[in-house]
Every structure is written in structure tokens, then in C-alpha cells.
Amino acid sequence: MPGQSGLELQNTLNAMKISIPILFITAHGDIPMSVRALKNGAVDFLTKPFSDQVLLDSLHSALEWHKAERERYQERCVLQERYESLNVGEREVFRLVVRGLLNKQIAGLLGVSEITVKVRRGHVMRKMACNSLACLVRAHDYLFA
């Protein structure tokens, strides 16, 4: 490719946080190049010559990867929207609950009553659409990982 190699283009897209399925097709690839491409998120690295079926299988994998990536993005958008619906006090409780603190400990840290913590915790669970602490921790990790 003129101007930029495929690996350089992949690095540019990654730096710009553009997530698209990438298939490398080359006649001059080597093992270190393929390892680098795959570690940086390429779906496949094909060296010529290859059969039509290998290309079709690789394209199918790329489409499946892209579909899963879109679903993860949508899930993250929904979680972000839910998180943004929390007020400041609820966000504080959310942050401390997922760290494993008890209501009494949270109340002491925030200088509020345990009842206030319980109410805020209930709001957090409802607004984040979680029915368990494990669900809440997963949502937090997904949002802030």
C-alpha cells in the first residue's frame, strides 16, 4: 500500500479508537508480522496463495466479530446512560458498594445515615437494572475498565 503499511494503518485506527474487523492479506508476510497484527486485534492474517473457502471463512469470522463488537458497544451505551441517571450521592454509594463496603461503613465515610445509604443503594440497583451485587460489580467493571 502506498504511504502506509497495513500494520501502520491498524495502529492508526487503534489509536483513534476505531474498532473495525481487519483481515490482513499478504504475499510477503512473516511470523512476527502476523503475531503483531493479531495481537493488535486483527481477525485474521492470510498469506497468498489461499483458497476461496479460507477467505470466505475469514470474512465470516470478521462479520461475527463485528456483530459481537456492535452488541458490546450498545450494551456499554445502555450502561453509560443508566450510570448518568444516578445523582451524585447515588454515584458515591455505587462506587463504595462495588468496593465491598457495608452500608454502615459507607454511611460513616459519607457522613450520612445508614437509612440514607440503603435508600441510595436501592436507587442505584433500580436505575442500573441490577438485581444483585454481582450484576452491579460487572456493570461497574464494564464501565470503568
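Modeller: Phe144 is partly exposed, with a relative accessible area of 43%; buried means under 20%, exposed over 50%, and partly exposed in between (1.4 Å probe, protein chains only). This is a predicted model, in which local features need pLDDT of at least 70 and side-chain atom pairs count only at pLDDT 80 or more, while totals for chains, interfaces and linings use all residues. Residues are numbered from 1 along each chain as its sequence is written, and side-chain values use heavy atoms, with hydrogens and water left out.

Colleague: Is Tyr83 buried or exposed?

Modeller: Tyr83 is buried, at a relative accessible area of 15%. Phe94 is buried as well.

Colleague: How many aromatic pairs does the structure hold, and how is a pair described?

Modeller: A pair of aromatic rings is described by the distance of the centres and the angle of the planes. Rings of Phe, Tyr and Trp (its six-membered ring) pair if their centres lie within 6.5 Å; planes under 30 degrees apart count as stacked, over 60 as edge-to-face and the rest as tilted. The structure holds three such pairs. For Tyr83 and Phe94, the centres are 5.8 Å apart and the planes stand at 50°, so the pair is tilted. This pair links distant parts of the chain, Tyr83 in helix H3 (residues 52-84) and Phe94 in helix H4 (residues 88-97); helices are DSSP runs (H or I, at least four residues), numbered from the N terminus.

Colleague: What is the geometry of the pair that Tyr83 and Phe144 form?

Modeller: Tyr83 and Phe144 are edge-to-face, 5.2 Å centre to centre with 80° between the planes.

Definitions and conventions
Helices (H or I, at least four residues) and strands (E, at least two) are DSSP runs, numbered from the N terminus.
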